[in-house]
Amino acid sequence: MNYLVLKTIHLIAVVCWFAGLFYMGRLFIYHKEAEKKNDIEKKILQDQYMLMSNRLMYIITWPSTLVTSFFGFYMLYQNTILLELNWMKVKLILVTVLLLYTITIQIFLKQLNKGNIRLSEIGLRIWNEVATLLLISIISLAILKSSISWINAILTFIVIAIVLMLLIRVYRRLIKKPS
């Protein structure tokens with residue numbers, strides 16, 4: 001199969017994988033927010049979020065994770081010289097972290113199906129931003145490769161992480177203000 005076709009399929013699957021992870025995080029937050037509703041609303045909302053979360057995880061997120069991984073490794077198999085490059089080694093480490101993140105989301109889904117996500121609402125908001133940081137890091141490495149300074153990349157990552165945490169705090173304060 002043509003390398004560019006492999007890359008196209010791989011990138012489409014990456015987009016679907018991250019879309020699934022981002023939306024899973026939102027559904028978990030909505031599920032947690034529904035705990036503040038009256039019993040009838042809470043049950044209706046949480047049942048719906050649970051249904052949506054399960055469908056999203058098993059119909060979109062896991063399949064796209066597997067397609068991404070398969071075609072990514074197939075591209076490496078066809079172009080093994082990439083494994084000698086430092087940027088690829090770092091990217092593979094980040095992809096491993098992303099896989100662990102996805103497994104953690106699966107653990108949260110099992111907790112949700114049992115009726116209790118252990119993280120708080122703010123904890124879920126922070127956890128949801130981990131996917132953002134991984135997306136920025138992995139895509140930056142894939143595009144910029146060795147043309148970036150590692151110091152600048154790390155500093156940029158830290159700045160983005162701080163900005164995301166500050167935005168979560170601002171959002172939290174805005175929500176707590178009486179209308």
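## Terms and overall build

Helices are DSSP runs of at least four residues, numbered from the N terminus. A pocket is an open set of grid points with protein on both sides within 12 Å along at least five of seven lines, and its lining residues have an atom within 4 Å of a point.

The model described here is predicted. Its protein chain contains 5 helices and 0 strands, and the order of elements from the N terminus on is α-α-α-α-α. Along the principal axes, the C-alpha atoms of the chain fill a box of roughly 60 × 35 × 20 Å.

## Packing of helix 1

Two packed helices are described by the angle between their axes and the distance between the axes. For helix 1 and helix 2, the axes come within 7 Å and cross at roughly 155°. Angles over 145 degrees count as roughly antiparallel, and helix 1 is therefore roughly antiparallel to helix 2. The crossing of these two helices is left-handed. By class, the residues of the contact of helix 1 with helix 2 comprise 22 nonpolar, 11 polar and 1 charged.

Helix 1 also packs against helix 4, at an angle of about 170° and with the axes 9 Å apart. Helix 1 and helix 4 are therefore roughly antiparallel to each other as well. On the side of helix 1, the residues in contact include Phe18, Leu21, Phe22 and Arg26; on the side of helix 4, they include Glu121, Leu124, Arg125 and Asn128. The residues of this contact divide into 9 nonpolar, 3 polar and 5 charged.

## Packing of helix 2 and helix 3

The axes of helix 2 and helix 3 lie 11 Å apart, and the two helices pack at an angle of about 160°. They are therefore roughly antiparallel to each other, and their crossing is left-handed. Helix 2 contributes residues such as Met50, Met57, Tyr58 and Trp62 to the contact, while helix 3 contributes, among others, Met88, Leu92, Leu99 and Ile103. In this contact there are 12 nonpolar and 8 polar residues, and no charged ones.

## The largest pocket

Rolling a probe the size of a water molecule over the atoms shows where empty space is left. The largest pocket has a volume of about 570 Å³. It is lined by 25 residues, and those closest to its centre are His10, Met75, Met88, Lys91 and Ala142.

Which helices supply at least two residues each of the lining of this largest pocket? They are helix 1 (3–33), helix 2 (39–78), helix 3 (86–113) and helix 4 (121–144). The largest share, 7 residues, comes from helix 1. By class, the lining has 18 nonpolar, 4 polar and 3 charged residues.

## The second largest pocket

The second largest pocket has a volume of about 330 Å³. Of the 16 residues that line the second largest pocket, Ser137, Ser140, Ala153, Ile154 and Phe157 lie nearest its centre.

At least two residues of this lining come from each of helix 3, helix 4 and helix 5 (150–176). Helix 5 gives the most, with 7 residues. The lining of the second largest pocket holds 12 nonpolar and 4 polar residues, and no charged ones.

Key. Residues are numbered from 1 along each chain as its sequence is written. This is a predicted model: local features need pLDDT of at least 70, side-chain atom pairs count only at pLDDT 80 or more; totals for chains, interfaces and linings use all residues. Side-chain values use heavy atoms; hydrogens and water are left out. On a 1 Å grid over the protein atoms alone, a cavity is a set of points where a 1.4 Å probe fits but cannot get out, and a pocket is an open set with protein on both sides within 12 Å along at least five of seven lines; lining residues have an atom within 4 Å of a point. Grid points are joined across faces, edges and corners, and a volume is the space filled by probe spheres set on the points. Ala, Val, Leu, Ile, Met, Phe, Trp, Tyr, Cys and Pro count as nonpolar, Asp, Glu, Lys and Arg as charged, and the others, Gly among them, as polar. Axes are lines fitted to C-alpha atoms, for helices over the stretch in contact, and angles run from 0 to 180 degrees between N-to-C directions. Angles under 35 degrees count as roughly parallel, over 145 as roughly antiparallel, 65 to 115 as roughly perpendicular and the rest as oblique. Contact means heavy atoms within 4.5 Å. A crossing is left-handed if the near helix is turned anticlockwise from the far one by less than a right angle, and right-handed if clockwise.
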